[in-house]
Amino acid sequence: LVELLLDDGRINVNAVDNSGQTALMIAASNNLQGMVEMLLRDKRTDPNIPDIHGSTALILATENLHVEVVEMLLRDERIDVNAKALSGRTALVSAARDGQTLICELLLAKHGIDINAGDKHNRTALMHASIVGVPLVVEMLLRHENIEVDAADNKGMTALMLACSRGSRGGRRQIVELLLGARGINVNMTDNSGNTAFIYAAMLG
């Protein structure tokens, strides 16, 4: 039926429901890969429309962990890989926050990706990966030529500070080692409270 309706030029393929979601968003959220492919083939489809939460099809697919759908969307030249939800999170920030290695890898390979984009707290993908403790994601991010390892959030905390303030469990010791080895890192930066990464580590004993 969808294919039949798409053949009718009167159909508004970008119509939204009460939550602001288009057919593409719904398909992306529910891993309906055939539907996503069909909708992306239609030149009328706008893949960057945000819902009431500011989330696009790419962000929704990322948050729902649908790797294949993310890959399909990234192949579309119209996609805005740096679109932000109202939370300020991009698809990359969301993927790093959830520790999604495969999705992070796909997003990092996309030309034009803003690796240093921050959410509403100005926390970047590197910061979130350092918090949740996913060394492989941190390693991938650090390999990117545009990474700003000393970027600070709204409290002045860097990825190294955030990792040290969480202790050594859950892969964070390895993350601290990776961050210490990052090119150009300033290990003695202070946050808004005057604390350094070393002070945070010392607080935890």
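Helices H7 (residues 101-108) and H9 (residues 135-143) have axes that come within 10 Å and cross at roughly 10°, with axes taken as lines fitted to C-alpha atoms over the stretch in contact and angles running from 0 to 180 degrees between N-to-C directions. The pair is therefore roughly parallel, the label for angles under 35 degrees. Helices here are DSSP runs (H or I, at least four residues), numbered from the N terminus. On the H7 side, Thr 101, Cys 104, Glu 105 and Leu 108 meet Leu 136, Val 137, Met 140 and Leu 141 of H9, contact meaning heavy atoms within 4.5 Å. That set splits into six nonpolar residues, one polar and one charged.

This is a predicted model, so to speak of local features takes pLDDT of at least 70 and side-chain atom pairs count only at pLDDT 80 or more, while totals for chains, interfaces and linings use all residues. Residues are numbered from 1 along each chain as its sequence is written, and side-chain values use heavy atoms, leaving out hydrogens and water.

Beyond four places in sequence, Leu 141 contacts Leu 92, Leu 108, Ile 115, Ala 125, Leu 126, Ala 129 and Ile 147.

Arg 166 sits in the loop between H10 and H11 (172-180).

Conventions
Helix = DSSP H or I, 4+ residues; strand = E, 2+ residues; numbered from the N terminus. Parallel < 35°, antiparallel > 145°, perpendicular 65-115°, else oblique. Nonpolar A, V, L, I, M, F, W, Y, C, P; charged D, E, K, R; others polar.
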